[in-house]
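Subject: Structure handover

Hello,

Please find the structure below. My notes on what was found in it follow.

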Amino acid sequence: MKKIILMGRVASGKTTLTQALRGEAIHYHKTQYIQHTDVVIDTPGEYAETQHLGRALALYSYEADVVGLLLSATEPYSLYPPCCTTACNRVVIGIVTHTDAPDGNPQRAENWLRLAGCRTIFHVNSLTGEGVKDILNFLREPGDPPVE
Ligand SMILES: Nc1nc2c(ncn2[C@@H]2O[C@H](COP(=O)(O)OP(=O)(O)OP(=O)(O)O)[C@@H](O)[C@H]2O)c(=O)[nH]1
Ligand SMILES: [Mg+2]
């Protein structure tokens with residue numbers, strides 16, 4: 001599998017998506033430091049929200065094949081400046097989370113991710129697992145077992 005690093009604001013759903021991608025039971029766990037596992041690198045939201053901590057994200061992106069920018073459908077604004085993906089020499093995908101939220105706007109979140117420069121966008125509900133297989137299939141490499 002290609003390795004993905006997940007970035008996004010606090011509570012955008014990085015850890016929940018990490019658990020869903022890894023087939024683990026979903027449980028709340030506040031991320032306090034970068035969690036590097038076989039296929040997923042989970043990062044604290046504070047790193048994306050704080051300029052000087054953001055440098056750690058830039059360095060850690062080199063440990064991954066794919067950068068996943070998360071944006072919750074409920075977020076009232078986007079953290080990502082237009083075309084910010086060009087600063088990175090990895091494939092950058094957009095992931096809209098909380099697609100099940102009644103007060104969310106997944107299309108608006110997708111538009112913001114496209115503005116940031118993401119050409120591939122996934123929509124997920126990490127609690128039910130909806131959309132998670134699509135990301136796993138995207139990360140699949142030749143020879144990897146099929147995603148069930
Ligand atoms: N309804 C719904 N809730 C979600 C979804 N993804 C995450 N959550 C909830 O959102 C809350 C925050 O999720 P986390 O995965 O901890 O968020 P995070 O981005 O890892 O947050 P930090 O570790 O603080 O940066 C938790 O209560 C999750 O259960 C989703 O797709 N749908
Ligand atoms: Mg987390």
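Buried residues make up 37% of the 148 residues in the protein chain; a residue is buried if 20 or more other C-beta atoms lie within 10 Å of its own, exposed if 12 or fewer, and partly exposed in between, with C-beta atoms placed from the backbone. This is a predicted model, in which local features need pLDDT of at least 70 and side-chain atom pairs count only at pLDDT 80 or more, while totals for chains, interfaces and linings use all residues. Residues are numbered from 1 along each chain as its sequence is written, and chains are lettered from A and ligands numbered from 1 in the order in which they are written.

Overall fold

The protein chain has 5 helices and 6 strands, where helices (H or I, at least four residues) and strands (E, at least two) are DSSP runs numbered from the N terminus. Along the sequence they follow the pattern β-α-β-β-α-α-β-β-α-β-α. The radius of gyration of the protein chain is 14 Å, close to the 15 Å that the globule rule gives for 148 residues, so the chain is as compact as a globular protein of that length. That radius is taken over C-alpha atoms, and the globule rule is 2.2 Å times the number of residues to the power 0.38. The C-alpha trace spans about 35 × 35 × 30 Å along its principal axes. Of the contacts in the protein chain with a separation of 6 or more, 68% are between residues 24 or more positions apart; two residues are in contact if their C-beta atoms, placed from the backbone, lie within 7 Å.

The sheet

The 6 strands form an open sheet with mixed pairing, in the order β2-β3-β1-β4-β5-β6. Two strands pair if DSSP finds at least two bridges between them. At the edges stand β2 (35-36) and β6 (121-123), each with a single partner strand, so one side of each is left without a neighbour in the sheet.

- β1 and β4 run parallel and are joined by 4 bridges; the bridge partner of L6 in β4 is G68.
- β4 and β5 run parallel and are joined by 7 bridges; the bridge partner of L70 in β5 is I95.
- β5 and β6 run parallel and are joined by 3 bridges; the bridge partner of V96 in β6 is H123.

Helix α1 packs on this sheet, touching β1, β3 (40-42), β4 and β5, and its direction makes about 160° with that of β3. Axes here are lines fitted to C-alpha atoms, for helices over the stretch in contact, and angles run from 0 to 180 degrees between N-to-C directions. As for burial in the sheet, β4 is mostly covered, with 6 of its 7 residues buried.

Helix α1 and its surroundings

Helix α1 is also mostly covered: 7 of its 8 residues are buried. These are K14, T15, T16, L17, T18, A20 and L21. They pack against β1, β3, β4, β5 and α5 (132-139). Just after the helix, G23 takes a positive phi of about 70°.

In the loop between α1 and β2 sits H27, which is exposed because it has 8 other C-beta atoms within 10 Å. H27 and L69 are 42 residues apart in sequence and 21 Å apart in space, C-alpha to C-alpha.

The ligand

Around ligand 1 there are 21 residues, of which G13, T15, T16, T31 and G45 come nearest. A residue counts as near a molecule or strand if its C-beta atom, placed from the backbone, lies within 6 Å of it. Helix α1 (residues 14-21) gives the most to this shell, with 3 residues. The shell divides into 7 nonpolar, 11 polar and 3 charged residues; Ala, Val, Leu, Ile, Met, Phe, Trp, Tyr, Cys and Pro count as nonpolar, Asp, Glu, Lys and Arg as charged, and the others, Gly among them, as polar.

Backbone points to check

A11 has a phi near 70°, a positive value in a residue other than glycine. A11 lies in the loop between β1 (4-7) and α1 and counts as partly exposed because it has 16 C-beta neighbours inside 10 Å.

C83 likewise is a residue other than glycine with a positive phi, near 60°. C83 is placed in the loop between β4 (66-72) and β5 (91-97), and with 10 C-beta neighbours inside 10 Å it counts as exposed.

Regards
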